[in-house]
Amino acid sequence: MVSSEPSEKLRILLMPFFVTSHIGPFTDLAVGLAVAGAGVVDPTIAVTPANVAVVRSALDRHGPEACSLVKIATYPFPRVDGLAPGVENLSAAGIDAWRIDAAAVDEALTRPAQEALIRERRPDAVVTDVHFFWNSAVAAELGVPCVAFSGIGPFTALTMGRLTDAVVANGDGSEPESSQSQEVVLRGFPWPEIRIPVTEMPEFLRCRSGELNPCVEALGRCFGQVMNTFFELERPFCELLVREGRAKRAYFVAPLYPPPPPPAGVKEPCIGWLGFKPSCSVVYVCFGTYAAVSADQLRELALGLEASGKPFLWAVRADGWAPPEGWEERVGDRGMLVRGWAPQTTILAQPAVGAFLTHCGASSVLETVAAGVPMLTWPLVFDQFIGERLVTEVLGIGERVWDGPRSTRYEEREVVPAEAVARAVARFLEPGGAGEAGRGRARELAAKARAAVAEGGSSYCDLRRLVDDLVEAKIRGRE
């Protein structure tokens, strides 16, 4: 148990990647640590100046008391050619997102400011995003533990680890000829083999030269690894991660975000609109905070949603895009567009939502599972194609929108036609269809998620074990 009267608080510095989908979970973890170690833990989130607002927005979800539990520290964003001043988040960078991504993982650019902040603050522990692999070395020099926080779960982590091993074994990292038809077959899972086309592998694996990823090496140096999942969701993969020694210590702590407020406390028009729709009748559509979708694809998606005949709520993040002429009039009250940010956890909790058409980002998958909603999957980048397999092949709570050729590279993507969208949505939401079966399984998982964070649950205990372990490490460091 955490000591209730330590001589001083355990100061933890948390450093997330420059993207909203990472900053949010890091902020949730900071609040979770403060609550789990009440009176013991003093957490600080470290971000660049333009990302402070993202942290504050995430804190607001936990209520006014959260702002008193978590501090915010800033360090300068690296100078990046071609990037406008003040653009420091992948979610706000548009076509320049690649510049932020490249700068963030460039040790020469990003490490100096982060290292300076760590040395200035001299925390008792560092919680780092896995992208910032150098922070484990900095923490080691200071003699404090470094914990890696991964937004992905063990299924995705193990899959990427095996893909990395396959690339390293290949030597030159080159893609096979006719790579659209080539795939990597992964075995040795507590599950039937996983097949992943080369075009659906994370981009960093498709272009590597065969050397070991420095992030993998850094994970081996870390005190432990925190994962944004709960044990009951990925039990065989959680066990395998520990058994294979992929982490010295593993903590599965999700879901960390607070339950959504009741509808009466929400002023967003989309929540009121959902309140007038029949139970499980609406498909919610959102592709996350940063992956680009072409104007042609948005047009086909709009026409497909129209042709499906099903009610839909669509969160669109595409500046300047407008639906086809006459589309809004034809759709009428059956559909609703939300421009920009949408209160996703609150939307998913509404009884009217019968399915989520999602890009399979790790946070979105977790939020959807916790809400007990089945998924229509449409991955776009990075690990999302792996997350899709967790949803469809392992958990059985979703179906693909499109079975045609797909790619993690924007320039290789084929436009999914409106007919395919309409067919997938209509079939998934029809009574007795795949969506109904998936909903039953998703609701069982949602009950397990609630149990995991309740007192004595797996995530509840793991979060407290993490605090205990870091307190013990601090005490040992003084001896």
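Colleague: Is the crossing of α5 and α6 left-handed or right-handed?

Modeller: This is a predicted model, in which local features need pLDDT of at least 70 and side-chain atom pairs count only at pLDDT 80 or more, while totals for chains, interfaces and linings use all residues. Residues are numbered from 1 along each chain as its sequence is written, and side-chain values use heavy atoms, leaving out hydrogens and water. Helices (DSSP runs of H or I, at least four residues) and strands (E, at least two) are numbered from the N terminus. A crossing is left-handed if the near helix is turned anticlockwise from the far one by less than a right angle, and right-handed if clockwise; the crossing of α5 and α6 is right-handed.

Colleague: At roughly what angle do the axes of α5 and α6 cross, and why is α5 described as it is relative to α6?

Modeller: Axes are lines fitted to C-alpha atoms, for helices over the stretch in contact, and angles run from 0 to 180 degrees between N-to-C directions. The axes of α5 (residues 107-121) and α6 (residues 135-142) come within 10 Å and cross at roughly 30°. Angles under 35 degrees count as roughly parallel, so α5 is, relative to α6, roughly parallel.

Colleague: How many charged residues are in the contact of α5 with α6?

Modeller: Contact means heavy atoms within 4.5 Å; α5 contributes Arg111, Gln114, Glu115, Ile118 and Arg119, and α6 contributes Asn135, Val138, Glu141 and Leu142. Asp, Glu, Lys and Arg count as charged, Ala, Val, Leu, Ile, Met, Phe, Trp, Tyr, Cys and Pro as nonpolar, and the others, Gly among them, as polar. The contact has three nonpolar residues, two polar, and, as charged residues, four.

Colleague: Which strands stand at the edges of the open sheet of seven strands?

Modeller: Two strands pair if DSSP finds at least two bridges between them. The order is β3-β2-β1-β4-β5-β8-β9, with parallel pairing. One side of each edge strand is left without a neighbour in the sheet because each has a single partner; these strands are β3 (71-74) and β9 (250-252).

Colleague: How many residues apart are Arg11 and Asp124?

Modeller: Arg11 and Asp124 form a salt bridge (a side-chain nitrogen of Lys or Arg within 4 Å of a carboxyl oxygen of Asp or Glu), with the closest N and O atoms 3.5 Å apart. Arg11 is in strand β1 and Asp124 in the loop between α5 and β4, and their separation in residues is 113.

Notes:
Angles under 35 degrees count as roughly parallel, over 145 as roughly antiparallel, 65 to 115 as roughly perpendicular and the rest as oblique.
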